[in-house]
2 protein chains.
Amino acid sequence: MSGDEGQMSSALSAGAFTQYPLYKEVKLRITKSLMDGQWKSGEALPSEAQLARGFNVSIGTLRKAVDELVQEKVLVRQQGRGTFVATHNESRTLYYFFHIVGEDGVRRFPTSELLAFSRGKADTLSAQRLRIGRGDKVILIRNVLKLEGEPVVLDNITLPAAQLGDLTERIFRNRENTIYNLYQTRYGINVIRTVDRLRALISDDKTAAALGLQRGSPVLEIDRTALTYHDAPVELRRSYVNTAHHHYLSDLGKYY
Amino acid sequence: MSGDEGQMSSALSAGAFTQYPLYKEVKLRITKSLMDGQWKSGEALPSEAQLARGFNVSIGTLRKAVDELVQEKVLVRQQGRGTFVATHNESRTLYYFFHIVGEDGVRRFPTSELLAFSRGKADTLSAQRLRIGRGDKVILIRNVLKLEGEPVVLDNITLPAAQLGDLTERIFRNRENTIYNLYQTRYGINVIRTVDRLRALISDDKTAAALGLQRGSPVLEIDRTALTYHDAPVELRRSYVNTAHHHYLSDLGKYY
DNA sequence: AAGTGGTCTAGACCACCAT
DNA sequence: TGGTGGTCTAGACCACTTA
């Protein structure tokens with residue numbers, strides 16, 4: 001009886017006929033609570049023992065579910081203290097989302113300077129990539145990132161307005177933390193991973209001017225999609241980088 | 001007695017005074033066997049039950065060690081069949097080491113064309129990055145990669161000759177598989193991960209010619225270090241990519 | 001049918017943190 | 001001291017592959 005209980009409840013609560021691991025279902029239920037905002041950024045979840053009792057699974061199964069969420073950097077474990085919802089702070093940004101480093105390889109956090117904040121409508125491509133309707137309202141942001149005072153990155157951000165209804169230039173400008181932190185804390189939108197597509201281009205005049213480059217200089221274009229739970233897109237960002245004294249570091253695989 | 005046995009043997013066999021998890025030590029011992037070539041590319045390891053007995057640990061601890069090696073793509077589990085040393089085949093290359101994709105986002109495997117094979121001595125920078133002596137012998141390879149018949153990538157490879165003593169142009173040219181597969185099967189050098197640093201540049205005339213580009217065209221430079229166990233460097237590769245119709249895909253984090 | 005990895009459980013004990 | 005996560009063990013049963 002006791003041995004089969006977990007599997008029975010799994011099949012029941014999943015409402016499925018297929019064989020599906022119990023820990024995956026537990027993971028989905030934790031994810032759902034996170035999406036619903038049941039535990040907010042930086043808050044502690046109930047202890048593993050409590051969660052296991054709540055889900056009616058063994059502690060080992062509960063841990064396996066949490067293990068994966070920790071791996072994905074959605075949760076953070078701290079021995080002796082608890083398990084927390086990962087916060088978008090500077091160090092997380094620096095290590096997982098900002099890939100521009102100096103020639104010495106050192107990671108520095110950039111300062112940000114807003115160039116333009118406007119609203120518009122999604123064109124065909126943006127709509128498709130954000131999975132919204134063509135012509136739906138979007139927010140457009142142009143932003144320069146500086147490293148040691150020098151402009152290095154020009155960001156062009158496209159956001160679906162529906163999810164960030166009240167976002168204004170003032171709110172954006174007055175944020176005290178990273179942009180992803182703003183999405184997370186104010187709108188409950190948690191960016192979990194990004195997919196970047198890179199090319200080399202000759203910069204156009206406007207971009208060159210924003211980066212203090214000569215006409216015809218090469219720049220690195222980064223076409224980024226930011227994703228939240230279940231790979232749902234939440235932000236498009238097209239960036240241009242002056243790679244004369246910096247480079248983009250792609251260091252996959254060091255996840256152990 | 002039975003509960004403490006594992007931890008005791010851990011401390012003993014690690015020969016350390018510090019607290020060190022038993023599964024980490026098991027992982028190191030498996031890694032060591034892999035480095036020593038005890039199980040070769042594509043071969044099956046002993047079953048988990050056998051390994052656990054051999055290391056005198058529980059099956060759970062053994063699995064935790066193997067879990068990490070599977071995550072790092074060093075080992076591959078196949079339910080019902082066994083656990084195998086991961087092979088450098090085309091699909092592994094395509095998904096984990098070759099990041100150039102077409103505008104449609106589809107991954108295609110490139111054809112390779114050798115331009116030059118020579119021997120030389122390591123300059124200061126190469127020596128430092130390969131952790132060999134300045135002036136030590138190296139092998140230099142220039143290679144063009146074509147996608148659908150068009151040259152897209154120019155590779156300039158630097159290899160420490162000491163580890164690949166007998167490598168000749170003929171052997172390199174006649175390989176039947178990927179370059180990393182050659183290192184793995186012929187020299188027991190297993191590339192596990194790579195670190196890429198990217199910039200945008202104006203191509204020099206030689207590079208432009210090799211890629212069929214006009215003078216002054218922008219190209220994406222990829223400065224790659226390939227690493228084996230314990231992050232030991234085994235290859236340097238400086239590549240130039242025509243990103244007019246392709247891009248570099250950086251898709252970290254989809255490891256779940 | 002026999003052997004392999006995959007899941008799940010139950011319980012002990014350790015390391016670390018806050019109080 | 002009590003609560004948290006971290007490690008380790010032991011054993012049952014399931015899913016899949018091969019012969």
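User: How many aromatic pairs does a search of the whole structure find?

Analyst: A pair of aromatic rings is described by the distance of the centres and the angle of the planes. Rings of Phe, Tyr and Trp (its six-membered ring) pair if their centres lie within 6.5 Å; planes under 30 degrees apart count as stacked, over 60 as edge-to-face and the rest as tilted. In this predicted model, the search gives six such pairs over all chains. One of them joins A:Phe117 and A:Phe172, a tilted pair with 6.3 Å from centre to centre and 50° between the planes. This pair links distant parts of the chain, for its members are 55 residues apart: A:Phe117 belongs to strand 4 (residues 111–121) of chain A and A:Phe172 to helix 7 (residues 169–174) of chain A. Helices (H or I, at least four residues) and strands (E, at least two) are DSSP runs, numbered from the N terminus.

User: On what conventions do these values rest?

Analyst: Residues are numbered from 1 along each chain as its sequence is written, and chains are lettered from A and ligands numbered from 1 in the order in which they are written. Because the model is predicted, local features need pLDDT of at least 70 and side-chain atom pairs count only at pLDDT 80 or more, while totals for chains, interfaces and linings use all residues; side-chain values use heavy atoms, without hydrogens and water.

User: What is the mean pLDDT of chain A?

Analyst: pLDDT is the predictor's confidence in each residue, from 0 to 100. Chain A has a mean of 92, and 91% of its residues reach 70 or more. Over residues 1–17 of chain A, however, pLDDT stays under 50. For that stretch the model has 11 contacts (heavy atoms within 4.5 Å) beyond four places in sequence.

User: Which residues are the closest to DNA strand D?

Analyst: A residue is near a strand if one of its heavy atoms lies within 4 Å of it. DNA strand D is surrounded by 24 residues, and the closest are A:Glu48, A:Arg77, B:Leu22, B:Thr61 and B:Arg81. Of the atoms of DNA strand D that come within 4 Å of the protein, sugar and phosphate account for 79%.

A polar contact is a pair of N or O atoms within 3.5 Å; within protein, one must be able to donate a hydrogen and the other to accept it, and residues adjacent in sequence count only if both atoms are side-chain atoms. A polar side-chain atom of B:Thr61 is 2.5 Å from a phosphate oxygen of DNA strand D, and for A:Thr83 the corresponding distance is 3.2 Å.
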